[in-house]
Amino acid sequence: MLLVPVRLAPSPIHGLGVFTQVAIARGTEVWRFMPGLDLDLDPAILGTLPAHMREVLTHYGYVDLRLGRLILCSDDARFMNHSERANTASDTSADPYGVDIAVRDIAPGEELTTDYTSFEGQRPGM
């Protein structure tokens with residue numbers, strides 16, 4: 001669940017992106033897994049679904065390499081785009097799902113980004 005106010009808008013990175021509505025100080029928690037709101041699924045479910053639903057879940061969700069679980073955010077966090085110079089990073093020291101933290105000050109209106117490879121490995125086409 002996103003912990004800061006955001007809006008969706010076209011992204012110069014890809015499709016839609018998540019843009020903060022407020023200034024975010026370095027070290028601020030930006031996202032945290034919220035049981036009952038976000039989904040933690042057995043990745044084996046993908047084999048039981050029609051192709052169009054597999055595509056949706058693998059596009060908007062990710063298989064966490066550490067947990068071996070398919071994670072799907074229910075809010076706009078699913079639109080966070082990848083960047084090799086992301087402005088957020090996951091801290092797994094206190095939460096098995098990780099907590100996304102701002103790695104630098106983020107200005108209002110700036111797109112929130114994360115490095116997908118830090119929790120799910122390399123995606124095809126990246």
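This is a predicted model: local features need pLDDT of at least 70, side-chain atom pairs count only at pLDDT 80 or more; totals for chains, interfaces and linings use all residues.
Charges first: I looked up where they sit, and the mean positions of the 10 positive and 17 negative charges of the chain are 2 Å apart. I counted Lys and Arg as positive and Asp and Glu as negative, leaving out His and the chain ends; each charge was placed at NZ of Lys, CZ of Arg, CG of Asp or CD of Glu.

Residues are numbered from 1 along each chain as its sequence is written, and side-chain values use heavy atoms, without hydrogens and water.

Next I checked confidence. The chain averages a pLDDT (the predictor's confidence in each residue, from 0 to 100) of 92, and 95% of the residues score at least 70. Helix α2 (residues 117-120) is lowest at a mean of 80, and strand β1 (residues 6-10) is highest at 98.

Then the fold. I find two helices and ten strands, taken as DSSP runs numbered from the N terminus (helices H or I, at least four residues; strands E, at least two). In sequence order they read β-β-β-β-α-β-β-β-β-β-β-α.

Last, I picked Ile101, in strand β9 (residues 99-102). Ile101 counts as buried because its relative accessibility is 18%; the cut-offs are under 20% for buried, over 50% for exposed and partly exposed in between, with a 1.4 Å probe and protein chains only. Gly27 is 74 residues from Ile101 in sequence, yet their C-alpha atoms are 5.6 Å apart.
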